[in-house]
Amino acid sequence: MKIKINGGSENVGSNLSLAQLIVDKKLSPEKIVVEYNLRVVPASEWSGIIISDNDSIEILSFLGGG
Amino acid sequence: MDNALIIGGRQIQNRLFIGTGKFSSYPLMKQVLEVCRPDVVTVAVRRVDITSKTENILDYIPKGCVLMPNTSGARNADEAVRIARLAKASGAGNWIKIEVIQDNKYLLPDNLETLKAAEILVQEGFTVLPYMSPDLAMARRLADAGVSAVMPLGSPIGSNRGIKTKELVQIMVREIKVPVIVDAGLGRPSEACECMEMGCAAVLVNTAIAVAGDPVHMAAAFRQAVEAGRRAYLAGLASGSGDALASASSPLTGFLR
C-alpha cells in the first residue's frame, strides 16, 4: 500500500492504524500533531483510523521560530 | 505605575517577547529564556523529520510562558489558517502570530491575506496577533476584525536594521486602540528602547539575541532596554523644540557679566 507521509511516498502494510504508524515511527504522541487527508485528527482518534491506499499524512511539531 | 498589558486575557509583565529561531542549541535558548523570563515566546510549526530523532523544543521552554506559534511558511490566508489549526490541535493554546509572506527577497508580509486569515481565526476563537507592514488603514481593519494586537515590522526580518518604519509605527501607536508590538528587524537594545519610548506596548526580538556573541547577556540587555523605554514613555518625554537651536539647561545670566 502506497501512502504519503510528510510529502514523501512510503509503502506500508495493510490493516495499519494511524496509532501503530506513529509507534512504528518512534514518535512521541504528546509532541506531535497529525493531519490525516487534510483533517487534523486528535490523538484519541488515531487508533480508530485504518490507513488506506493513497492516504496523505502530515506529522508536525514545533521548532524554533520568530 | 504601569498599567498592565493584557492580551487574550493574560496579564503580560514582560514586554519583551522572544522568538526561538536561530539559536545554536536548545539548551542555550533555554538559558536565554530563564534569564529573560518572557511571558510570550514564539515557535514555528514544521514537518517532523521522521528519519531521525530530534529534540523537542517544548522541553526547553519554561512552563508558564505563553506559546505563540507563528504561521511562517504560509503564502496565503488558507495556508495560515491551516497552520493555525494544526498549532492549536497540538495543545499549544490559542495564541497565533499570523505571518503570511510571498516575497522571499525581503520577507515582507502580505497584509491583505493576513487580514483574511485574521477574520477567520478570530471567529474560531484564536487570540490573533498579526505580523504586518505598518499601515494605518490595515491596522484599523485588523482591529475591527478583533485581533488582540497588531505587530508592524521595524525593518525586514533578521536584518537587524532597527526601526526604519518609525514614523508609520508612531501613527499606529497614536491611532490604533489595540496594542502595537514592533516585530522584526530590531538589532540593538537601543532600538527596542526607542520603540518603547514611542509608546509601543511590547517588542518581539529573535535574531538580534539568538545570533549575538553572547545571547544570554544580549537578552538581559534587551530586557533592560525595554524596561527603560517603557518607564521613559510613562514618565513623559520632554518635547523637542522642533528646531536645532539649543535650550540652555543652566542659567546663562550670571555673575561674569
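## Exercises on a two-chain predicted model

In chain A, 59% of the contacts with a separation of 6 or more are between residues 24 or more positions apart (contact: C-beta atoms, placed from the backbone, within 7 Å). The model is predicted: local features need pLDDT of at least 70, side-chain atom pairs count only at pLDDT 80 or more, and totals for chains, interfaces and linings use all residues. Residues are numbered from 1 along each chain as its sequence is written, while chains are lettered from A and ligands numbered from 1 in the order in which they are written.

**Exercise 1.** State which pattern chain A follows along the sequence, and test its radius of gyration against a compact globule.

*Solution.* 
- Step 1: Chain A has 2 helices and 5 strands (DSSP runs numbered from the N terminus; helices are H or I, at least four residues, strands E, at least two).
- Step 2: The pattern reads β-β-α-β-β-α-β.
- Step 3: A compact globule of 66 residues would have a radius of gyration near 11 Å; chain A has 12 Å, so the two agree. The radius is taken over C-alpha atoms, and the globule rule is 2.2 Å times the number of residues to the power 0.38.

**Exercise 2.** Find what share of residues is buried in chain A and in chain B.

*Solution.* 
- Step 1: Apply the cut-off. Buried needs 20 or more other C-beta atoms within 10 Å of the residue's own, with C-beta atoms placed from the backbone.
- Step 2: In chain A, 21% of the 66 residues are buried.
- Step 3: In chain B, the share is 45% of 257 residues.

**Exercise 3.** Describe how helices H2 and H3 of chain B pack.

*Solution.* 
- Step 1: H2(B) spans residues 77-89 and H3(B) spans 111-123; the angle is about 40° and the axes are 8 Å apart. Axes are lines fitted to C-alpha atoms over the stretch in contact, and angles run from 0 to 180 degrees between N-to-C directions.
- Step 2: Ala77(B), Ala80(B), Val81(B) and Ala84(B) of H2(B) meet H3(B) residues including Glu113(B) and Lys116(B).
- Step 3: The contact divides into 7 nonpolar, no polar and 2 charged residues. Nonpolar is Ala, Val, Leu, Ile, Met, Phe, Trp, Tyr, Cys and Pro; charged is Asp, Glu, Lys and Arg; the others, Gly among them, are polar.

**Exercise 4.** Work out which element gives the most to the side of chain A that touches chain B.

*Solution.* 
- Step 1: 19 residues of chain A contact 27 residues of chain B.
- Step 2: Strands S3 (33-36) and S5 (56-64) of chain A each give two or more residues to that side.
- Step 3: S5(A) gives the most, with 7 residues.

Technical notes
A residue is buried if 20 or more other C-beta atoms lie within 10 Å of its own, exposed if 12 or fewer, and partly exposed in between; C-beta atoms are placed from the backbone. Two residues are in contact if their C-beta atoms, placed from the backbone, lie within 7 Å.
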